[in-house]
Amino acid sequence: MSLATATDAPPARDNLFSHARHIMAENPVTGIAFALFALLVVAALIGPYVVPYDPLASDTAAALQPPSAAHWFGTDQLGRDIFSRVVVATRLDMTIAVASVALVFVGGGFAGLAAGYFGGWTDQIVGRVSDTIMAFPLFVLAMGIVAAMGNTVTNIIIATAIINFPLYVRVARAEANIRREAGFVQAARLTGNSELRILLGQIAPNILPIMMVQVSLTMGYAILNAAGLSFIGLGVRPPTPEWGIMVAEGASFIISGEWWIAFFPGVTLMLAVFCFNLLGDGLRDLVDPQRRT
């Protein structure tokens, strides 16, 4: 009798693709969410290079034109092409969302893991920091941070990460607290693994599915937060293309009938948040070991 060789097993990459196809077939809405996400990524990566007009170039002779073959989304009060500005703004909004969520995923996730696993003074410190942040209305806190530090993209990212910190801490802490006495953790401890190795190698991978759902949701929150700050004048400075700025600029023209100035950036913003809200369940299914086919 011969032993099976390593080449007899299907490659891990094929298993991942097969699992992804199974998830898409089981839930078509997940496929729609991933398609929207892919469209956003493509627009962020190559959009600024393929748009038909310069998003910053004004043309007063073409101001306030409705949607047409020449200007798909119409033009604004300065004659700038709204379609070009919406596409170019995707890169900035996605950058803010991805950077802020990555920052809080690492910081808040690890803090919550440590608090739930070790308990004691670690739990007390992390818990008090989270409670202090949650004591403020989160958007008002973001406004205060950006107003104090300056309305730069970096400060918007930091403010967005700070207001989302308690969300990641609470999820990671609760999951780590449940699993710290589980059988597989006890087995790893008995085999001589260090506490840090158990935390990162055993508990962290098991809470990853629910953390991925949180990532997806807070991506939408991050985009809304950046757009909200821009809408009230504390976000990215004009004339930089950004969805919140464009909605704010177009709001005053709705009453006079130029609805397209605010409508198209607003719809794009809505679709981006809708995409990330739907993406959460799909990401959970993809990374959850119990869902593997």
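Which element gives the largest share of the lining of the largest pocket? In this predicted model, that share comes from α10, which contributes 6 residues.

## The largest pocket

The largest pocket holds about 290 Å³ of space, and 16 residues line it, with Leu39, Leu40, Val86, Thr268 and Leu271 lying nearest its centre. At least two lining residues are supplied by each of α2 (28-50), α3 and α10 (260-287). Sorted by class, the lining consists of 14 nonpolar and 2 polar residues, and no charged residue takes part in it.

## Helix α3

Helix α3 covers residues 82-118, and because a helix of 37 residues should span 54 Å at 1.5 Å a residue, the 52 Å between its end C-alpha atoms agrees with that expectation. Of the 37 residues in α3, 26 are buried, so that the helix is mostly covered, and after its end comes glycine 119, which has a positive phi near 65°.

## The second largest pocket

About 150 Å³ of space lies in the second largest pocket, whose lining is made up of Phe105, Val106, Gly109, Phe110, Leu113, Leu200, Ala204, Ile207, Leu208 and Met211. The elements that give two or more residues to this lining are α3 and α8 (195-231). By class, 9 of the lining residues are nonpolar and 1 is polar, while none is charged.

Notes
Residues are numbered from 1 along each chain as its sequence is written. This is a predicted model: local features need pLDDT of at least 70, side-chain atom pairs count only at pLDDT 80 or more; totals for chains, interfaces and linings use all residues. Side-chain values use heavy atoms; hydrogens and water are left out. Helices (H or I, at least four residues) and strands (E, at least two) are DSSP runs, numbered from the N terminus. The expected span of a helix is 1.5 Å times one less than its number of residues. Buried means under 20% relative accessible area, exposed over 50%, partly exposed in between (1.4 Å probe, protein chains only). On a 1 Å grid over the protein atoms alone, a cavity is a set of points where a 1.4 Å probe fits but cannot get out, and a pocket is an open set with protein on both sides within 12 Å along at least five of seven lines; lining residues have an atom within 4 Å of a point. Grid points are joined across faces, edges and corners, and a volume is the space filled by probe spheres set on the points. Ala, Val, Leu, Ile, Met, Phe, Trp, Tyr, Cys and Pro count as nonpolar, Asp, Glu, Lys and Arg as charged, and the others, Gly among them, as polar.
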